[in-house]
Amino acid sequence: ELTMLFKAVESSFDLSTVREYTVEAGRPDTVTPEKMAAIHAAGVGRVSINPQTLQPAVLAGIGRKHTVEQFYEAFDIARRTGHTNINTDLIAGLPTDTYESFCRTVDGIFSCTFSIISA
C-alpha cells in the first residue's frame, strides 16, 4: 500500500525540483523493515522517527505505548534499509521530564548519530 501511495505521488506531482523529500515514519512501534524499504525505494531522502523522549517514565506519563528499545530498533531498521538522513522528534518539558532526563534523551539520540558516523 505504501508503494502504491508513492507511485501515486510520483505520477501526480513533478518531483524534479523537490529539494527534500521527507516521510514521517511515525512512532517507533510502527516502523517495520518493509515500510522503511518502501520509503527508501521511493527515493525519500529523509525519514522521521518520533520517540518524543527516551525516558520510560515520561513515555508512560504521556500515554506512549512504545519502548525506548523500540526506538533504537526502529532507528537501526532505518539505517539497515539505507536511510542516512534520519530525523527524530523530541519534546522538551513533557510531564515528569526534568532537565537531567531530557539531557539523557539527547545523549541517547546522539549515540545513534555517532554510531552512523562511525559505521
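Helices (H or I, at least four residues) and strands (E, at least two) are DSSP runs, numbered from the N terminus. The model is predicted, and local features need pLDDT of at least 70, side-chain atom pairs pLDDT 80 or more, while totals for chains, interfaces and linings use all residues. Residues are numbered from 1 along each chain as its sequence is written, and side-chain values use heavy atoms, with hydrogens and water left out.

**View 1. Salt bridges join Glu73, Asp76, Arg79 and Arg80 into one network through shared partners.** A salt bridge is a side-chain nitrogen of Lys or Arg within 4 Å of a carboxyl oxygen of Asp or Glu. Aspartate 76 bridges to arginine 80, with the closest N and O atoms 2.3 Å apart. Aspartate 76 also bridges to arginine 79, where the closest N and O atoms are 3.1 Å apart; these two residues are three apart in H4 (residues 68-80), so about one helical turn lies between them. Arginine 80 has a further salt bridge to glutamate 73, at 3.8 Å between the closest N and O atoms. The structure holds five salt bridges.

View 2. Buried means under 20% relative accessible area, exposed over 50%, and partly exposed in between (1.4 Å probe, protein chains only). Arginine 80, at 53% relative accessibility, counts as exposed. Glutamate 73 is partly exposed at 39%, and arginine 79 is partly exposed at 28%.

**View 3. The buried residues of H4 are Val68, Phe71, Ala74, Phe75, Ile77 and Ala78.** The helix has 13 residues and reaches 19 Å from its first C-alpha to its last, close to the 18 Å expected (1.5 Å times one less than the number of residues). Just after H4, glycine 82 takes a positive phi of about 100°.

**View 4. Strand S2 runs parallel to S1 and to S3.** Two strands pair if DSSP finds at least two bridges between them. Four bridges join S1 (residues 22-26) to S2, and four join S2 to S3 (residues 86-90). Valine 47 of S2 stands opposite valine 23, and its bridge partner in S3 is isoleucine 86. S2 (residues 46-52) is mostly covered, with six of its seven residues buried.
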